[in-house]
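Dear colleague,

Please find below the structure that I am handing over to you. A summary of the findings follows it.

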Amino acid sequence: MLSLFYYITITLYGLTFIFNVSGLKRYEIVSAVSAVTANIIPLFLIFYRSGHFPGYNIYESFLFASFILGCLAIFVPGVKGYTSKIRLWVWIEILILLITALLISEELTSTGFDYNYIYKILFHIFRPISMATMLYATAYFTQFILEREFNERTSWLAHAGRNFLILSTVLFLVSEYTGIIWCQQEFGDFWMWNQNFMQSTIIMSYLMLAFHIPGKDKRAEDFRSLIGGLSGVFVVTLTIVRSFF
Amino acid sequence: MSKISEKLASLHLTAWNLVAILLWLIWGLIMAGSVAFKMGFSAMNRILIRDWLMTPDADSHLLKLWFIGICLLMTLLGVNLIFCSWEKIYRIIRVKFSGPKFYMLIVHAFFGLVALFHLGGFMLGYEQNDISLGEGMSTKLRDGYEVKINAINFAGNLAILDKSYRNIKKDDLNYKNSYAEVVLSQNGRELRKDNIYIFMPLKYGDTRVTLKSFISPVGANQGQINATTTPWIKLTVTKNPVLSVFFVIYPLMIIGIFIHLILTWKSPAINRAIQELTDSN
């Protein structure tokens, strides 16, 4: 049942992508709304079966991140004149997330004894939301780089990318903060020297780097957008690589 | 500003330093995933970092080098932050006041404090992890402190006692009904007596006694565990004098970034440009 709805979701996002490329706007919107609606069903099934919020492994969190990304693409107005192009990147990102999750694992995590601890839940909710917002920023930055011009119109793209990247940083920090409380209460210390904590600090350092690229000319803006745009890719790659160890 | 202070305040230094921090952390990530450093990282987690640094342990040389390296890079980031902030303050006072820039300055100050208090947590106070105790047992700690376990109540499946954290499932342990009665005393004087649960440590000033897990009695093998067995517990005792401040500053930093985002969501320059485009149309 879960697999069935998972495949339906992927198919609908795939159709949305095709409609976007074909320039069939109305069909794209209908398909996108259907895809996001279908996306809710596997999330609900995970919650129903396991009793925990879907966000505890790659399969669950990528599915949840896809849902958030889909909502952002549909409901956020975006930059005038670029909405369709931004959406195109979002559909590509969602398809990559869902196909990757499928290739890595289709298993649900079994629910731990502390599944209902609120700070643990919040940590696992904010992580995928932050990842999705980062990927949304990536879409803006990618479009800005492809425009190969630096004028008032395109600078909106870079600025919107920067806005969503900061928003994703805020969300990431919220997840970190809830994680800190969780660890302090459960393990007696808010910091552990291990891969999980190191991964979080790497993501944080990367985000800091993206906000501290010097220069004001087009070249600097391009480079800033490249680093900012790669943030979503970086986080997804790091999450995938880490899942193997 | 002199040339050195200009360089110390530069964004180029920030960016290159962050690249170095990233690479250093990736090295740490690889080491943390390697079997060769498993014991080293366990030792690092067991006690306060200050004490770990002082411990003469031949196996931890590379880890200590790595830790000192990350501290030096963070110190450079701190120096860079101070010089850069000073330059910004100078500009705000002398040249032009800008709300978003002022907010950003505050956010940077909060970040500096978060990093400083994080380091404080590594260096100040006390930490002892993985103390295994059974009913009626006690352990002596630094400064005359002593922790004694009066009673242990375990509501769960005894088969999980030797399982790792990740392998304890929803129905294996009722953590809300599993607790230990703990007495914290100093030089024989009782300071506090309370039931501690997972997620509900005993607090006395900056000292916390945290119940981490329930374990098999030390020395007992699987065959000896039956329905009458009373499990032992694993405790962490910490004294972090900067913890409460850290917990206050961290959300303030997040709120600061969020306010800055709201203030700069529509960049003034872009607003002007859009206005011009609208007018020309």
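What volume does the second largest cavity have? The second largest cavity has a volume of about 70 Å³. This is a predicted model, in which local features need pLDDT of at least 70 and side-chain atom pairs count only at pLDDT 80 or more, while totals for chains, interfaces and linings use all residues. Residues are numbered from 1 along each chain as its sequence is written, chains are lettered from A and ligands numbered from 1 in the order in which they are written, and side-chain values use heavy atoms, with hydrogens and water left out.

**Cavities**

Rolling a probe the size of a water molecule over the atoms shows where empty space is left. A cavity here is a set of points, on a 1 Å grid over the protein atoms alone, where a 1.4 Å probe fits but cannot get out, and its lining residues have an atom within 4 Å of a point. Grid points are joined across faces, edges and corners, and a volume is the space filled by probe spheres set on the points. By this rule there are 3 cavities of 30 Å³ or more.

The largest cavity has a volume of about 190 Å³. Its lining consists of 20 residues, and those nearest its centre are A:Asp189, A:Trp191, B:Leu48, B:Gly121 and B:Glu127.

The lining of the second largest cavity is formed by B:Tyr126, B:Leu141, B:Arg142, B:Asp143, B:Tyr145, B:Thr207, B:Val237 and B:Lys239.

**A salt bridge in chain B**

Side chains of opposite charge can pair when their charged atoms come close. B:Arg142 forms a salt bridge with B:Asp51 (3.1 Å, N to O); the term requires a side-chain nitrogen of Lys or Arg within 4 Å of a carboxyl oxygen of Asp or Glu. Over all chains, the whole structure holds 7 salt bridges.

**The two chains together**

How many salt bridges are there between chain A and chain B? The count is 0. In contact (heavy atoms within 4.5 Å) are 56 residues of chain A and 65 residues of chain B. The area buried between the two chains is about 5500 Å², with carbon and sulfur atoms giving 73% of it; buried area is the accessible area (1.4 Å probe) that two parts lose on being put together, summed over both.

With kind regards

Methods. 1 Å grid on protein atoms, 1.4 Å probe; cavity = no way out; pocket = protein on both sides within 12 Å on 5 of 7 lines; lining within 4 Å.
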